[in-house]
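Could you take me on a short tour of this model, stop by stop? I have the viewer open and would like to know what to select next.

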Amino acid sequence: RFGFAAKIASVPLVAAQVLPGGAAGAGALVSLAGLGGLVGAPVGGFGVDRVGARATAVASGLVGGCALSAVPAALSQEDPAVAFSALIILWSTAVAAQAPALQALAQRLAPPGGEAEALALPRAAGDGVYIVVPYLLGLVVDAGAPQGADIALAGVAGVIGAVAVFVALPSRGEEKIG
C-alpha cells in the first residue's frame, strides 16, 4: 500500500518534472502503469496456480519494491524519462500480480466461515495507510531528500512487506491448483 500512496502522491509530481509534456506526460505514465496492472493480475493468478500464493506474493513484492527503490538511481541519469517510466510500469505490473496472491493467502489463513472478514481486513489496513503515508512521503521531500527518495521509501516498505510474508507465513500446506 505504500507504493500506491506514492503513486498518487509522489509519482505524478516527479513524472511531471522528468517526462516530456509535463502534466500530460505524468498522466500518460499513470495510464501506462494501469495497463501494466491489467497484465500483472492474470500473471499473478497463474503464479498462484503454479507455484503457490506465498511464493507469488513474495516474488512480486520483491520485484515491485525493488523497482520503486531504484527510482533515485534512474532519476540521476542524464535522461531519466525512460528508466523512470519503466520502473513505475514494472512496479504496477508486479503489485497487480501480487493482488491475487494476497487474496489467496488471506482466504487460506481465515478461519472457516471467516473468509469475507479476512478479505476486508487487508483493505481496511490499506485505507489506513492512505491516510498516513502520503503525509510521510511529503515530509521526506520537504526534508530535502534527493529527488525520488520518497518513492524509494515506498519501495523499501514493499520489500519489507515481502520479506515479512516470507518469514511469517508457513510454506507448507499451501494448495496449488493444476
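A crossing is called left-handed if the near helix is turned anticlockwise from the far one by less than a right angle, and right-handed if clockwise. This is a predicted model, where local features need pLDDT of at least 70, side-chain atom pairs count only at pLDDT 80 or more, and totals for chains, interfaces and linings use all residues. Numbering starts from 1 along each chain as its sequence is written, and side-chain values use heavy atoms, without hydrogens and water.

First, select α3 (residues 23-51) and α6 (residues 81-109): their axes come within 6 Å and cross at roughly 35° (axes are lines fitted to C-alpha atoms over the stretch in contact, with angles from 0 to 180 degrees between N-to-C directions; helices are DSSP runs of H or I, at least four residues, numbered from the N terminus). This crossing is right-handed. Show the contact residues (heavy atoms within 4.5 Å), including Gly 36, Gly 40 and Gly 44 of α3 and Ser 92, Ala 96 and Pro 100 of α6.

Gly 44, Gly 47, Val 48 and Val 51 of α3 meet Ala 53, Ala 55 and Thr 56 of α4.

How values were computed
Helix = DSSP H or I, 4+ residues; strand = E, 2+ residues; numbered from the N terminus.
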